[in-house]
Amino acid sequence: MLARNRKRNEVSKGGKKGGLPNEKRQIILSILLFAAGLLIFLSLVSYDTADEAGADLSPTELAGIVTGDPDVQARADLSRNWLGLTGALLSTALIKGSIGYAVFALPFMLFGVGWIMFRGRNIADFLNPFMAIATGALLLSFTLGVVRLMADGSPGMEWSGIVGDFTASVLSQLIGLAGAAILVFTAIVIYLVVVTDLDLKAMAERVRTGAGLLTTWIRTKQVERQIAREERARREPEPPPPPPEVSVRRPEQPEDEELPEPAVLMEEAAAVARTEPAVKDQVADPHELRVDIERREIPDEVNLDDERSVQTDVELDYVFPSVELLDSPRAHKADLNESELKTNADLLRATLAEFDVELESVSVTPGPVVTLYELVPAAGVKISRIVSLENDIALKLAAKGIRIMAPIPGRSAVGVEIPNHNRAIVSIRSVINSAAFRDTPANLPLAMGKTISGEIFTDDLSRMPHLLIAGSTGSGKSVGINTILASLLYRMHPSDLKLVIIDPKKIELSQYSVLRHHFLAVSPDIDEEIITNPRNAVLVLKGVEYEMEKRYDRLAAAGVRNIVDYNERLAQGRLKNTDQITHSKIP
């Protein structure tokens, strides 16, 4: 029985008794495919047209190398192919006798098949990629064949091979050379759509957007050059006016008086002309756009560590975190210069002028990330016209996106917010270490950042108890959450603030677990400081709800006691005139 089972296992592994197992046969075949692919690749890489004459041999004539035929031996000595006369014969047959240089796909396909077999995978699963490669090679051969026909046989036949030449010739005879080119181009587009899931609409939109960006860049450079020329013209001194023509007329004088020479008179007139101040035209160009650039004030930093003090009845040895734990603001590029700001203002005016929207003036407020352009439209211009041109303005300025405020609250102007090309990083240390954050009367102060004009902006979390932070990936949601927590930690005392932190991702807020003995509200029934388990989240939220209900009950009881006390004093007539809010009893 054991012998029969052993024979059955051998047959199942080896295919038949005494044969190699299927796995070993597959590995040997994959090694042979690797070798064949490498040999074909070397023969194709070292292909030389000079070997064609020497490689014009039949297989029987090629055997003359073994028999010592001197003619065949001489041809082998002259061959430049790395695989000798056999490589020359093989490369010529594959390149000129098939699909031209597109046959380079063959050794890579052999490598791929060998690797699949070596890994023990099923070749049928990779049939589609191999079909795509083969189809692409054929299309390349057909395309080069049409190109050779259009160029009267140049480049050589090795580019398209006999298959590409034959196909191009048949197509040109059937539908003409132009029809063959259109048909091949259509086949290539269909191939790209099928193989790469090419979205023609998206590609056309990208081409249109790229053309628009290129046009905008050219216009920007033209405006910059024009501004540079005007700047140079203003800096260069005006040439002195030519000396006035002096006509010398000899009056009637006594003969003994000596008159000055004409040359002397001309020199004196030129000296007088040089001493007279040149009168310049002070009339402003009525078509020039007035651009006012407002300089933002950079807030001074304070030392937050020396200013914080909290009055509390709870005895707790607690030291506030130092601002030195935060990174210092990074150095960034200088602010936008006036030339760049004026260039953008001119582009805004030119863009709006294309749609018959004229401006009276532009005020520019540069910020660390966004620059605000306040546009004062000319009389008769509707604000809705400017709002409808938001996408056109963004395209002309090559900006990722703009925002239009029409109008700016409290001002008779339209605001256009344009992102800066060189954005400054607003560090949280610069906001926390500011007088605005230190002196804010907020119950739960937040260091929000900086406004467009560069001013520190803070807010109160107690005024937004149901805050929702939403946005796309990379828009800064995690930064906003960490900023909120850091703001509270730098201003609040543990006796005034307790946090329940739920982190479904399990990695974003794990660093706050060290606050267990300070700010975190923990439960003895839960074994984690930062809640990551959904069941624990349900338990902790129920605990928070219970605590909230207890506080509401205390508030209600305190309110009832105050109302009862008020009614009793009112009934006994013990209220003073200043205490009487109403003459009717509170129910």
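Predicted model: local features only at pLDDT ≥ 70, side-chain atom pairs only at ≥ 80, totals over all residues.
Residues are numbered from 1 along each chain as its sequence is written. Local features need pLDDT of at least 70, side-chain atom pairs count only at pLDDT 80 or more, totals for chains, interfaces and linings use all residues, and side-chain values use heavy atoms, without hydrogens or water.

Start with helix α2, residues 22-45. Helices here are DSSP runs of H or I with at least four residues, numbered from the N terminus. Helix α2 has 24 residues. From first C-alpha to last it reaches 34 Å, close to the 34 Å expected at 1.5 Å a residue. That expected span is 1.5 Å times one less than the number of residues. Which residues of α2 are buried? They are S30, L33, G37, I40, S43 and L44. Buried means under 20% relative accessible area, exposed over 50%, and partly exposed in between, with a 1.4 Å probe and protein chains only. Helices α6 (84-99) and α7 (105-118) are among what covers these residues.

Next, find α8 (residues 127-150) and α9 (residues 161-196). They pack at about 140°, with axes 8 Å apart. Axes are lines fitted to C-alpha atoms over the stretch in contact, and angles run from 0 to 180 degrees between N-to-C directions. So α8 is oblique to α9. Under 35 degrees counts as roughly parallel, over 145 as roughly antiparallel, 65 to 115 as roughly perpendicular, and the rest as oblique.

Last, look at E354 in helix α12 (residues 338-354). E354 counts as partly exposed because its relative accessibility is 41%. Leaving aside neighbours within four places in sequence, E354 is in contact with R219 and K396. Contact means heavy atoms within 4.5 Å.

Methods:
Helix = DSSP H or I, 4+ residues; strand = E, 2+ residues; numbered from the N terminus.
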